[in-house]
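This report looks at aromatic rings and their surroundings. Please view the sequence and structure first.

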Amino acid sequence: NPTEGYVTEKVSKGDVLQEVTETGSVRATKDMGLSFKSIGKVSSINVSVGDMVKRGDVLAVLDSSGASAQMQSAMAQLNSAKIQYEKLLKGSTPEEIQTYKNSVTSAENNLQSTYKNALNVLDDSYTKIYNAYNVVLSLKDTYFYTMDPQGIKVSGAATDMESNMKSVKSYLDAAKADGSGDVDTAVSQAISSLDNVYNDLRIIRDQCDQGIYYTTVTAADKASLDGQKTYINGSATSVTSLQQNISSYKIALQSAKDTLAVATAEPRSEDIEIYRSQIDQAQANVNLYQSQIGDNSIISPMDGRVTAVNAKRGEIVSYSAPIIQMLSSEPFQIKVNIYEQDIVNVDPGDAVKIDLVAFPDQTFDGKVLSVDPAEKIVDNVVYYETTIEF
């Protein structure tokens with residue numbers, strides 16, 4: 001009997017397995033500590049140890065009153081910038097344009113009124129110089145009729161006064177004849193002439209105290225000269241003030257005309273870009289404060305369980321210290337180091353049988369998720385860390 005002493009089996013197809021056995025540790029997929037991005041006072045803690053949370057849940061919040069106030073201000077500036085931009089595109093209303101036209105008319109009236117008043121002020125300055133010149137002529141004829149040093153100085157000063165008086169008269173007559181353009185010139189000339197006349201009076205007054213004239217010239221005549229100096233100085237102050245007023249009204253008129261021109265013109269491309277930039281800047285400020293407020297909250301990045309809470313309401317915390325500890329609710333993983341000679345037989349996706357000490361009568365199924373390409377040296381032996389998922 002040819003089969004005697006043999007065991008027979010039916011031929012069938014099956015799997016030939018090569019197994020790698022290693023020991024590793026079970027870990028949560030994610031274990032992380034969460035902290036704030038800035039230093040501040042905790043206003044609320046919304047979870048306790050052991051709570052299950054969902055991704056996006058607010059776990060803890062810092063006091064954001066300061067940032068909230070700043071954001072409100074930034075939003076107001078943003079709304080203002082948008083309103084100004086829309087107003088620029090629409091242009092001024094008819095009422096606004098009429099207001100600008102009224103401002104131009106008012107500025108023109110103020111300037112013309114000042115020009116009219118200028119003629120009176122210039123007349124007065126001419127009169128002051130004329131009177132002072134006559135006083136000097138009388139003084140010269142009475143006391144300084146000889147050609148001594150004092151007489152020469154008085155005669156020269158009197159001649160200069162006469163020249164300035166004629167100059168003021170000439171420009172004043174031209175202003176009365178031709179209008180505002182010549183008024184400006186007449187005012188400038190009057191200021192210069194009044195300064196010259198005042199200096200001439202000072203020279204003459206000084207001569208009254210020189211030599212024999214100290215006792216010859218009466219106190220009344222000296223007082224008269226002092227009075228003329230005061231009149232001329234006051235007139236110079238009035239004309240200078242007049243010149244400043246004319247300049248101010250000219251500036252105001254030009255400003256009113258410029259405002260009207262802008263209000264009636266189409267918006268320029270550069271103006272549009274400026275207003276758009278202001279909107280962008282205001283929006284950036286709003287985004288900044290919104291980001292700061294967002295950074296004042298700890299948001300759960302995953303579904304999981306709270307394992308530790310390291311702060312209390314009202315406590316001042318730093319940005320570096322973890323406030324909330326969490327474990328992910330995703331499936332657990334196993335980290336295992338596989339010897340370099342065995343790793344060549346392991347590929348991602350390979351099936352895994354898992355035995356746990358806690359469950360001696362049960363074997364769990366798993367698969368290889370990844371193999372770290374970087375080796376680990378343990379006691380001069382090369383291993384590769386492999387991740388296995390249940």
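Which residues form one aromatic cluster? They are Phe359, Phe364 and Phe390.

## Basis

The model is predicted: local features need pLDDT of at least 70, side-chain atom pairs count only at pLDDT 80 or more, and totals for chains, interfaces and linings use all residues. Residues are numbered from 1 along each chain as its sequence is written, and side-chain values use heavy atoms, leaving out hydrogens and water.

## Aromatic pairs

Rings of Phe, Tyr and Trp (its six-membered ring) pair if their centres lie within 6.5 Å; planes under 30 degrees apart count as stacked, over 60 as edge-to-face and the rest as tilted. By this rule there are five aromatic pairs. One of them is stacked: Phe144 and Tyr213, at 4.3 Å centre to centre with 25 degrees between the planes. Phe144 lies in the loop between α2 (94-142) and α3 (149-178) and Tyr213 in helix α5 (residues 213-216), so this pair ties together parts 69 residues apart in sequence. Helices (H or I, at least four residues) and strands (E, at least two) are DSSP runs, numbered from the N terminus.

Phe144 and Tyr213 are both buried. Buried means under 20% relative accessible area, exposed over 50%, and partly exposed in between (1.4 Å probe, protein chains only).

## Charges over rings

A charge sits over a ring if NZ of Lys or CZ of Arg is within 6 Å of the ring centre and within 35 degrees of the ring normal. Lys169 lies over the face of Tyr126, 5.3 Å from the ring centre. The charged end of Lys222 is over the ring of Tyr214, at 4.6 Å from its centre.
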